[in-house]
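Trainee: I would like to go through how the two chains of this model meet, taking one question at a time.

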Amino acid sequence: MSERAKALQKAASGVLGGALLFLGNSSTAWGCPVCNSGTGKAVRAGLFGQEFGFNLFVTVIPFVVCALIVAGIYYGPPGQRRARKEE
Amino acid sequence: MATNHSNLRPLIAAGTVLGIGMGGFVDGIVLHQILQVHNMLSAKFPPNTLVNAEINMVWDGLFHAFTWVTTAIGISMLWKAGQRREVPWSTRTLVGSLIQGWGIFNLVEGIIDHHLLNVHHVIERLGVSIADWLFLGVGGVLFILVGRALIKTGSRDDVGSHSSPAAAGRA
């Protein structure tokens, strides 16, 4: 390996090491919902607050309504369903 | 012309469910992630802080999980429809159903989330805007009408003589 390549490798590992050191010590960078940091705790508090059930409901409800519409398309109106069964 | 004993409903239902799932992915990937004009709960948690952005990210993830499940159910329904000999294997019917499903998703999601519950809007910083009405009118009603027109055209396809590869394989 040439001297130039060695210098580049050293510089790259220095930058990577510095970045990891910075992120590791930064509480805002580790703000994931399962992270044990101030930001992580705030995210969990926001997620599992009093409105968790309502927020889950608003996320799910469009899919439930869509499923009911598809059931209507598949089975048809009740009158048509009865007529098909009698055939 | 499809035979008298043909049954388009399983193909239409499968295509519609797939369209709902794929429409959900378009919304989530394009509007939530790439353009970032809104998130699942961006009217409640404006994503202008890291904490609020991460809260929205989790709800966006759950939204994507439901769209994934919907798409998986659609694939399963399509597979089952393909194994039924009485189901005509019409491309126009399937494409029309996909567009219809996408329109149903936009209409239902738009009415519930954008207008009734106000948990987010198409362009969040504008609140309820023309973009929300275009989402309903074009992305919802127009897509459903185009999908239904294609389904109607597909019902006239001469597909009685050849059904899906899966059904043909079982003949």
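Trainee: How many residues of chain A are in contact with chain B, and how much area is buried between the chains?
Mentor: Bear in mind that this is a predicted model. The contact joins 31 residues of chain A to 32 residues of chain B. Carbon and sulfur atoms give 79% of the area buried between chain A and chain B, and that area is about 2,600 Å².

Trainee: Which three residues supply more than any other three of the area that chain A buries against chain B?
Mentor: Together, the three supply 24% of the area that chain A buries against chain B. They are Phe63(A), Ile73(A) and Tyr74(A).

Trainee: Which residues form the salt bridge between the chains, and how far apart are the closest N and O atoms?
Mentor: The count between chain A and chain B is one salt bridge. Lys44(B) is paired with Glu51(A) in a salt bridge, and the closest N and O atoms lie at 2.3 Å.

Trainee: Which helix gives the largest share of the side of chain A that touches chain B?
Mentor: Helices H2 (38–47), H3 (52–75) and H4 (78–86) of chain A each supply at least two residues of that side. The largest share, 18 residues, comes from H3(A).

Trainee: Why do the buried residues of H2(A) lie on the same side, and what do they pack against?
Mentor: Thr39(A), Gly40(A), Val43(A) and Leu47(A) are buried in H2(A). Because they cover an arc of only 100° around the axis, they lie on the same side of H2(A), whereas Gly38(A) and Ala45(A), on the other side, are exposed. The buried residues of H2(A) pack against H3 of chain A together with helix H2 (50–82) of chain B.

Note on methods
Residues are numbered from 1 along each chain as its sequence is written. Chains are lettered from A and ligands numbered from 1 in the order in which they are written. This is a predicted model: local features need pLDDT of at least 70, side-chain atom pairs count only at pLDDT 80 or more; totals for chains, interfaces and linings use all residues. Side-chain values use heavy atoms; hydrogens and water are left out. Contact means heavy atoms within 4.5 Å. Buried area is the accessible area (1.4 Å probe) that two parts lose on being put together, summed over both. A salt bridge is a side-chain nitrogen of Lys or Arg within 4 Å of a carboxyl oxygen of Asp or Glu. Helices (H or I, at least four residues) and strands (E, at least two) are DSSP runs, numbered from the N terminus. Buried means under 20% relative accessible area, exposed over 50%, partly exposed in between (1.4 Å probe, protein chains only). The arc is that of the directions from the helix axis to the C-beta atoms.
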